[in-house]
Amino acid sequence: MHSNLRRLDLNLLLALDALFRHRSVTAAADELAMSPSALSHALARLREVLADDLFVRVGNAMQPTGYAERLAEPVAAGLEIFSRGLAMSGSFDPASSDRVFVLAATDYTAFAVLPRLMARMQDVAPGLGFKTVYSSGRESAEELASGRIDFALGYVDEAMEPTPGIESFTWLEDDYVVIASRRHPLIRGGLDLDQYLAARHVVVTPWNEATGFVDKVLDRQGLQRQVAVQLPSVLAAPFIVAQSALIMTVPRYAAKILQESADIAIYPAPFPLPRYTLKAYGHIKHNRTAAHVWMREQLLAVVPSTGGDGDTHAKNGL
């Protein structure tokens, strides 16, 4: 055993690991739920014990010294092993816990998941807290690995490559449908492909993608639609559609809920589309903990029905 181990405590190693990954005292302190001054104090203790500067400020970033570079990998590996050991022996009592689960989601995925989940939590775990952060990507891999978020909720793009360490389960599968104003001047009783392609469209691209998923499907069929409005959020979209001649392609579950607030009709998509698949992503470092296993069960318990009765109303012009 190295003699310096007697002078170190776990908090100092956590500080070293967080600072190495973030290169920022403020960001590392935020991850560890401590003040920047407390983290600076921890860094000073590390420098004293290890007789090395460890990090030096270069511009706006804290850059590791060569010694810190060599320490980073074994420290991260050791913390991971220790974390897994604690998780295996730990327990989780949802009825009494005040833990805060952090979910990464777009506004649509939050809209799909959270109302039903929160209703269930009032009965089974009233003390739990939830924080939703806007998803930085479908998987949010870095945030999952660091533990800053517990689950990322994102739809599946067939072009996505799996990320090492990321595990997922399917939360919702749904069909795509088309929404339009009930007073649309050109759509009466049904929507065919010619009408779909002639119309102008609203598209939501939460990560500022150049094109939407539907455009990629159409392109493979040698077809193209006209995008009139591109939005980062679904919130305004149904109201834009309800008050214009624009149309939008969305999952059926979203269309049925949005129909309660906006004057829209729902039509079957007039061409084949892969099913919309919403997954919950987690990192292998944390997925075996009792809390994560329990939350996965709760998410699966609130999967909504995606029955197709909304299309019948659209065909009848209601």
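**Exercise 1. Find which element of the protein chain has the lowest mean pLDDT and which has the highest.**

Solution. Start with the scale: pLDDT is the predictor's confidence in each residue, from 0 to 100. Elements are DSSP runs numbered from the N terminus, with helices (H or I) of at least four residues and strands (E) of at least two. Helix 12 (residues 309–315) has the lowest mean pLDDT, 40, and strand 7 (residues 176–181) has the highest, 97. Next, look at residues 309–318, where the pLDDT is below 50. Beyond near neighbours in sequence, this stretch has 16 contacts in the model, a contact being heavy atoms within 4.5 Å. For the protein chain, the average pLDDT is 86, and 88% of the residues score at least 70.

Two notes apply throughout. This is a predicted model, in which local features need pLDDT of at least 70 and side-chain atom pairs count only at pLDDT 80 or more, while totals for chains, interfaces and linings use all residues. Residues are numbered from 1 along each chain as its sequence is written, and side-chain values use heavy atoms, with hydrogens and water left out.

**Exercise 2. Give the strand order of the open sheet of five strands and name the strands at its edges.**

Solution. The order is 4-3-5-12-6, and the pairing is mixed; two strands pair if DSSP finds at least two bridges between them. Strand 4 (129–134) and strand 6 (166–174) are the edges: each has a single partner strand, so one side of each is left without a neighbour in the sheet. From one strand to the next, the twist averages 25°.

Now take the helices. Helix 5 (residues 107–124) packs on the sheet and touches strand 3 (100–105), strand 4, strand 5, strand 6 and strand 12. The direction of helix 5 makes about 180° with that of strand 4. Such angles run from 0 to 180 degrees between N-to-C directions, with axes being lines fitted to C-alpha atoms, for helices over the stretch in contact. Helix 11 (residues 290–301) lies across strand 3, strand 4, strand 5 and strand 6, at about 10° to strand 6.

**Exercise 3. Describe the pairing of strand 12 and state how many of its residues are buried.**

Solution. Strand 12 (residues 276–283) pairs with strand 5 (residues 151–155) in the antiparallel sense over four bridges. Here Tyr155 has Leu278 as its bridge partner, and Ala152 stands opposite Tyr281. Strand 6 is joined to strand 12 by eight bridges, also antiparallel, and Asp174 is partnered with Tyr276.

For burial, the cut-offs of relative accessible area are under 20% for buried, over 50% for exposed, and in between for partly exposed (1.4 Å probe, protein chains only). Eight of the eight residues of strand 12 are buried. In a regular strand the side chains alternate between the two faces of the sheet. On one side of strand 12 are Tyr276, Leu278, Ala280 and Gly282, and on the other are Thr277, Lys279, Tyr281 and His283.

**Exercise 4. Find the residues that touch the most other members of the largest nonpolar core.**

Solution. A nonpolar core is a set of buried Ala, Val, Leu, Ile, Met, Phe, Trp, Tyr and Cys residues joined through side-chain atoms within 4.5 Å. The largest has 63 residues, and Trp171, Tyr196 and Met295 touch the most other members. Helix 5 gives the largest share of this core, seven residues. Not counting residues up to four places away in sequence, Met295 touches Phe101, Leu117, Met121, Leu128, Phe130 and Phe151. Apart from this core lies another, of 24 residues, including Leu12 and Leu54.
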